2 protein chains.
Amino acid sequence: MTIPPDATLADVGEFGLIAQLTALFSQGEHVLVGPGDDAAVLRVRTGHVVVSTDLLVEGRHFRRDWASAEDVGHRAAAQNLSDINAMGGTAHSLTIGLGAPGDLPVQWALDFARGFAEECALVSASVVGGDLTGAREVVIAVTAIGSCAQAPVLRSGAEPGQVLAIAGRQGWSAGGLAVLGRGFRSPRVLVEAYRRPEPPYGAGPAAAAAGATAMIDVSDGLVADAGHLAQDSGVSIDLRSAAFEVPEPLHAVAAATGSDPLQLILGGGEDHSLLATFDRGSVPDGWTEIGTVGDGEGVTVDEAAYDGPAGWAHF
Amino acid sequence: MTIPPDATLADVGEFGLIAQLTALFSQGEHVLVGPGDDAAVLRVRTGHVVVSTDLLVEGRHFRRDWASAEDVGHRAAAQNLSDINAMGGTAHSLTIGLGAPGDLPVQWALDFARGFAEECALVSASVVGGDLTGAREVVIAVTAIGSCAQAPVLRSGAEPGQVLAIAGRQGWSAGGLAVLGRGFRSPRVLVEAYRRPEPPYGAGPAAAAAGATAMIDVSDGLVADAGHLAQDSGVSIDLRSAAFEVPEPLHAVAAATGSDPLQLILGGGEDHSLLATFDRGSVPDGWTEIGTVGDGEGVTVDEAAYDGPAGWAHF
């Protein structure tokens with residue numbers, strides 16, 4: 001079936017679009033049954049299965065005028081792949097639920113799916129199933145399933161005396177969002193970082209192999225997520241601001257907006273960097289030490305209370 | 001934390017509600033890490049993992065004035081558990097994504113979660129993770145993960161000469177919807193069937209054990225879903241109308257609305273009954289023979305074309 005370029009979901013209907021979408025998803029060897037039956041069937045080895053789910057809502061998690069459909073696809077996949085990364089695992093299978101108004105261009109859905117599949121390919125994961133339905137706004141529900149080569153790393157294992165380290169970019173997405181929010185499109189590298197985060201896939205399993213004692217992905221904000229880790233571990237965390245190298249584009253945004261680039265780093269989420277704790281001397285390659293774990297509770301920056309924006313409120 | 005009875009999601013915020021919700025979900029022994037970390041961790045044995053996902057949208061899949069929050073919870077779980085049932089498997093783990101407007105009463109979310117958990121308990125499945133976010137309308141994304149004691153039963157294995165059988169109620173939910181759509185609340189048993197389907201859990205694994213060659217759950221409509229099974233198997237299916245016992249409440253609805261009760265049975269979806277094909281003489285207890293598999297394609301009723309409502313259009 002050939003779809004005219006200006007067709008909408010209402011024009012082609014559910015089943016017409018599903019056939020087009022599933023053609024975009026190649027299946028790995030572990031997938032015995034992919035999309036199209038009542039359920040997908042995967043072959044797994046005995047061990048830990050790691051599962052995470054996320055909901056993205058238009059206007060809250062993405063804007064169609066700020067990011068292409070392909071970008072949204074990349075981002076929707078990335079944030080779920082990152083959750084598996086943060087357990088020290090690698091995703092092998094994902095499902096997508098897409099709710100959308102009937103007037104959504106078919107091309108948007110196809111481009112979204114293409115971006116999603118491209119991001120999944122970075123870790124060799126397959127899109128094994130999905131659901132498609134009408135909705136007033138575009139809603140994307142993703143579930144990622146993965147496995148761990150060793151015991152999963154929880155948020156709760158940090159202990160006083162250990163160090164906190166980070167892998168991946170931090171503050172770039174927040175910088176991009178700040179730029180877009182003011183009606184600008186540059187620095188382009190930050191806008192791109194907002195549109196398509198680049199989670200440090202591989203850093204999670206590497207941390208697990210190096211003996212990480214706790215791990216979390218930064219999605220609410222660095223300080224907020226360090227706070228989640230501290231709370232679940234029953235420890236305090238002190239971040240050392242001098243440990244962060246402020247990349248040039250963040251300096252540029254801060255200068256243009258009269259703000260402090262460190263705030264973008266400390267408050268920013270959605271780069272899907274990883275935070276993990278290690279015994280001193282055990283921080284692996286690709287990770288940067290940025291703080292220490294102590295007794296007590298809460299997160300401080302240079303041993304002082306942090307009063308910047310801490311994260312994201314959903315309601 | 002005690003939540004006042006009239007509190008909204010906006011009043012208590014994401015993290016306050018998540019704590020209340022997760023307290024409602026008891027975890028099975030296979031759940032090593034439940035809700036609260038970046039991902040849930042399950043222990044599984046080597047074998048087939050079966051995965052299905054569905055999106056429910058307010059106003060399309062449910063109405064808050066037609067069904068209680070607990071009913072919606074039951075239904076959201078049931079339709080995903082049913083997909084696993086239709087593979088011959090049993091679900092062990094589910095995730096929920098809930099998108100909702102800030103003015104949604106907290107009590108609605110809690111009652112929804114309670115109904116969801118109750119339905120999952122019918123098959124001893126655990127709610128292992130979720131996501132909560134703002135949205136303009138209530139959107140519920142569910143993913144179910146299960147396992148099969150033997151090879152999963154696909155839609156594609158039916159062969160000419162075999163028989164088609166059904167397990168579970170059929171037409172009851174459609175009858176209830178017809179009643180509600182006309183502003184009535186009785187026959188109560190049908191309205192209840194619409195609000196809380198009762199999928200024949202156990203019939204799927206029983207069919208697989210008895211050698212079912214193809215299986216599907218009825219969610220779009222009996223004729224529509226028989227059509228999916230016929231298409232995927234490359235066969236035709238003839239339904240025998242005399243094989244259906246028309247339950248008394250469907251007679252009552254048909255009489256009141258001047259319609260044919262058989263149409264409710266043939267066109268109805270959402271009871272989550274199962275259709276499966278078997279070799280002659282192999283239909284297990286709890287299943288009723290309703291048709292035959294032949295060469296060719298498409299679905300006929302008493303060897304004639306079916307021109308009733310065939311199913312559900314999403315856009």
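Where in chain B is the place of H272(B)? H272(B) sits in the loop between helix 9 (261-267) and strand 10 (274-278) of chain B. The backbone there has a feature to look for. H272(B) is not a glycine, yet its phi is positive, at about 60°. Keep in mind that this is a predicted model.

**Cis peptide bonds**

Now turn to two peptide bonds. In chain A, a cis peptide bond joins S186(A) and P187(A). In chain B, a cis peptide bond joins S186(B) and P187(B). The table gives the omega values.

| Residues joined | Omega |
|---|---|
| S186(A) and P187(A) | about 10° |
| S186(B) and P187(B) | about 5° |

Where do these prolines lie? P187(A) is in the loop between helix 4 and helix 5 of chain A. P187(B) is in the loop between helix 4 (172-181) and helix 5 (188-195) of chain B.

**Two helices in chain A**

Stay with helix 4 and helix 5, this time in chain A. Two packed helices are described by the angle between their axes and the distance between the axes. Helix 4 of chain A covers residues 172-181, and helix 5 of chain A covers residues 188-195. They pack at an angle of about 110°, and their axes are 7 Å apart. Angles of 65 to 115 degrees count as roughly perpendicular. Helix 4 and helix 5 of chain A are therefore roughly perpendicular to each other.

Which residues of the two helices meet? Helix 4 of chain A brings W172(A), S173(A), G175(A), G176(A), L177(A), V179(A) and L180(A). Helix 5 of chain A brings V189(A), L190(A), V191(A), A193(A), Y194(A) and R195(A). By class, this contact has nine nonpolar, three polar and one charged residues.

**Where the chains meet**

Next comes the interface of chain A and chain B. Here 65 residues of chain A are in contact with 65 residues of chain B. The area buried between the two chains is about 5,200 Å². Carbon and sulfur atoms give 59% of that area.

How many salt bridges cross the interface of chain A and chain B? There are four. One salt bridge links R155(A) with D37(B). Their closest N and O atoms are 3.7 Å apart. Polar contacts cross the interface too, in 23 residue pairs.

Look at the side of chain A that touches chain B. Strand 3 (residues 47-57) of chain A gives the most to this side, with ten residues. The residues of this side divide into 31 nonpolar, 19 polar and 15 charged.

Notes:
Residues are numbered from 1 along each chain as its sequence is written. Chains are lettered from A and ligands numbered from 1 in the order in which they are written. This is a predicted model: local features need pLDDT of at least 70, side-chain atom pairs count only at pLDDT 80 or more; totals for chains, interfaces and linings use all residues. Side-chain values use heavy atoms; hydrogens and water are left out. Axes are lines fitted to C-alpha atoms, for helices over the stretch in contact, and angles run from 0 to 180 degrees between N-to-C directions. Helices (H or I, at least four residues) and strands (E, at least two) are DSSP runs, numbered from the N terminus. Angles under 35 degrees count as roughly parallel, over 145 as roughly antiparallel, 65 to 115 as roughly perpendicular and the rest as oblique. Contact means heavy atoms within 4.5 Å. Ala, Val, Leu, Ile, Met, Phe, Trp, Tyr, Cys and Pro count as nonpolar, Asp, Glu, Lys and Arg as charged, and the others, Gly among them, as polar. Buried area is the accessible area (1.4 Å probe) that two parts lose on being put together, summed over both. A salt bridge is a side-chain nitrogen of Lys or Arg within 4 Å of a carboxyl oxygen of Asp or Glu. A polar contact is a pair of N or O atoms within 3.5 Å; within protein, one must be able to donate a hydrogen and the other to accept it, and residues adjacent in sequence count only if both atoms are side-chain atoms.
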